Amino acid sequence: SAPQAKPAKVESEFETGRAAFQRMYVSARTWSADAQPVRLESRPTKEDPKDGRAAMWAGMFVSASKGNLRNFTWSGVASDPDKGVQPGSMDVYSPANANTRPFDLNFLKVDSDKAFAVADKKGGAALLKKDPKQPLKYMLFFDNTKGRLVWRVLYGSSQSDAKLRILVNASTADFIAIEK
């Protein structure tokens, strides 16, 4: 009998925030024609490259007509049986809640790879040199107090364990601040 061929190794797929967002946005608009984005964040994996891309992203969208908010995820992880976009949980949407206020897509001009490049120059490169396995997390949200869309680049897997948190303007790619 002939030796069996080894199955081809399936590689994980990595996307920038904007590319993953666009995929989720299509599903969100299928769920509700008036769906608007609230936030986007990566879900760090060990294999993520250190360049602004990630294998998992999660987004939150609201629908005023339905009075709901809904989470969506995009996965490019090779071992994930649910690769692609998956709808998630729903909750009640209140326009009065500043934490779930949607943002205008026209503000999103800078992708996560550009935000990473800015953060890298503001101390991120030194951290990655010390610890190349340092997880990175990207968060996109609307800063209601300043009226701007912001990328938060975390050198860590969460807000609480981040060794460095850099804010970058998602419309201009300008450095905003290092969060303490």
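Which residue is the bridge partner of Tyr 155 in E9? In this predicted model, that partner is Leu 164. The pair belongs to a set of six bridges that join strand E8 (residues 148-155) to strand E9 (residues 164-169), the two strands running antiparallel.

Eight strands make up an open sheet with antiparallel pairing, and their order is E6-E5-E4-E2-E7-E8-E9-E10. At the edges are strand E6 (84-92) and strand E10 (175-179), each of which pairs on one side only. On average, and ignoring direction, neighbouring strands of the sheet are turned by 20° against each other.

Two helices lie across these strands. Helix H2 (residues 112-130) lies across E4, strand E7 (136-143), E8, E9 and E10, at about 35° to E8.

Turning to charged side chains, the whole structure holds eight salt bridges. One of them pairs Glu 41 with Lys 137, with the closest N and O atoms 3.1 Å apart. This pair links distant parts of the chain, as Glu 41 sits in strand E2 and Lys 137 in strand E7, 96 residues apart. Both Glu 41 and Lys 137 are buried.

Glu 179 takes part in a salt bridge with Arg 152 (2.8 Å, N to O). Glu 179 lies in strand E10 and Arg 152 in strand E8, so this pair ties together parts 27 residues apart in sequence. Glu 179 also meets Arg 165 in a salt bridge (3.6 Å, N to O). Arg 165 belongs to strand E9, so here the parts tied together are 14 residues apart in sequence.

How values were computed: Residues numbered from 1 in each chain as written. Predicted model: local features only at pLDDT ≥ 70, side-chain atom pairs only at ≥ 80, totals over all residues. Heavy atoms only, no water. Pairing = 2+ DSSP bridges. Helix = DSSP H or I, 4+ residues; strand = E, 2+ residues; numbered from the N terminus. Axes fitted to C-alpha atoms, helices over the stretch in contact; angles between N-to-C directions. Contact = heavy atoms within 4.5 Å. Salt bridge = Lys/Arg side-chain N within 4 Å of Asp/Glu carboxyl O. Buried < 20%, exposed > 50% of the residue type's maximum accessible area, 1.4 Å probe, protein only.
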